[in-house]
Amino acid sequence: VAAMSNEPNTPPLRAQDVGVWIFDLDNTLYPPTSDLFPRVAERMTAFIMREYGLDEDGSHKLRRDLFLKYGTTLRGLMLERDLDPKQFLDDVHNIDLSDVDPNPRLNDLITALPGRKLIFTNGSVGHASRIMAKLGIDHHFETVFDIVASDYIPKPDPGPYQVLIQQHGIDPTHAVMIEDMAKNLVPAHAMGMTTVWLRNHRDWAIDGSTGDHIHHSIDHLEDWLETVVNG
Ligand SMILES: [Mg+2]
C-alpha cells in the first residue's frame, strides 16, 4: 500500500496554502499500534462495572453499544444513565503512558508546517496534554478543543465544528483536518475544509471512508507530512 495517495482529481496539498491545521488526537498523533485507546476503553469498562453494577461482559457491551450509537460512550452515559461527565473523564483518561516515547520526527515536521495548529478531540484536554507532552509536541498547539469545549457533543455532530471555527476565528476554506475516523471528516468537508483520512482499519474508523468528503487518504502521518513539507 502506498504511503500516501490523493483521491481522484485532488491535487497534492501544499503546506504554504494552509492557514490552520486541525489534528485529531487519539490514533492520529500516535498510531493505533501504541495501544493507548484500548487502555481508555478498559478503564471505561471498569468504571461502568463499578458505577452501574454490571459484570464485565455487560459493561463491555454497554460501552461499545453507546460508543457506536452516540459517538462516545460518555455521551451515551450522559443521555441514558445520567452520568457526571467530569468524574468519568478524569477516571477513564488516567492511563499508564510510561511506554510512550518522544517522537522527534513528528515534532520536526509539525515545526516545519506553516500556519496555526489546533487539536480537535472527543477526549479531554488533560488526556491530550499528557500524551502530547510525552510525544514532545505539546508546544505547537494553540488550543485543545476537547469534548468539554464541545459541550459533550462529539464529532461528527456538526455543532462542535461550528463552535470551533467561530471561537477560534478559523476560515474553513484554508483549514486542513486530519483524522483517523473517516466519518468525522464529513462535517469538515461540508464546511469547506480540506480533509485527510489517516487510514485505520477498525470498523468504527473505516465507517464513512468512501465519498468525496475524503480529499487525501494516507497510511502514515509522518511520511505524509514529509511530502507536504517538502512539496
Ligand atoms: Mg482518533
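Reply: Phe 23 stands opposite Ile 178 in strand 5; strands, like helices, are DSSP runs numbered from the N terminus, with at least two residues (E) for a strand and at least four (H or I) for a helix. This is a predicted model, in which local features need pLDDT of at least 70 and side-chain atom pairs count only at pLDDT 80 or more, while totals for chains, interfaces and linings use all residues. Residues are numbered from 1 along each chain as its sequence is written, and side-chain values use heavy atoms, with hydrogens and water left out.

Strand 2 (residues 20-23) and strand 5 run parallel and are joined by four bridges; two strands count as paired if DSSP finds at least two bridges between them. A further partner across this pairing is Met 177, which in strand 5 is the bridge partner of Ile 22. Ile 22 also has a bridge partner in strand 3, namely Leu 118. Strand 3 (residues 116-120) pairs with strand 2 over four bridges, in the parallel sense. Strand 5 in turn is linked by four bridges to strand 6 (residues 194-198), and these two also run parallel; here Val 176 faces Thr 194 of strand 6.

In a regular strand the side chains alternate between the two faces of the sheet. In strand 2, Val 20 and Ile 22 lie on one side and Trp 21 and Phe 23 on the other, and all are buried, a term that means under 20% relative accessible area, with exposed over 50% and partly exposed in between (1.4 Å probe, protein chains only). Strand 5 is likewise covered on both faces, with Ala 175, Met 177 and Glu 179 buried on one side and Val 176 and Ile 178 on the other. Because five of the five residues of strand 5 (residues 175-179) are buried, this strand is largely enclosed by the rest of the structure.

Apart from neighbours within four places in sequence, Asp 26 is in contact with Phe 37, Thr 121, His 127, Ile 131 and Asp 180, contact meaning heavy atoms within 4.5 Å. The C-alpha atoms of Asp 26 and Asn 122 are separated by 8.7 Å, although these residues are 96 apart along the chain.

The loop between strand 2 and helix 1 also contains Asp 35, whose phi is positive, about 65 degrees, although it is not a glycine. Most residues other than glycine have a negative phi, and most peptide bonds are trans. Asp 35 counts as partly exposed, at 41% relative accessibility.

As for the setting, the protein chain has 10 helices and seven strands, and 49% of its 231 residues count as buried. Among contacts between residues at least 6 apart in sequence, 67% join residues at least 24 apart. The radius of gyration of the chain is 17 Å, which agrees with the value near 17 Å for a compact globule of 231 residues; this radius is taken over C-alpha atoms, and the globule rule is 2.2 Å times the number of residues to the power 0.38.
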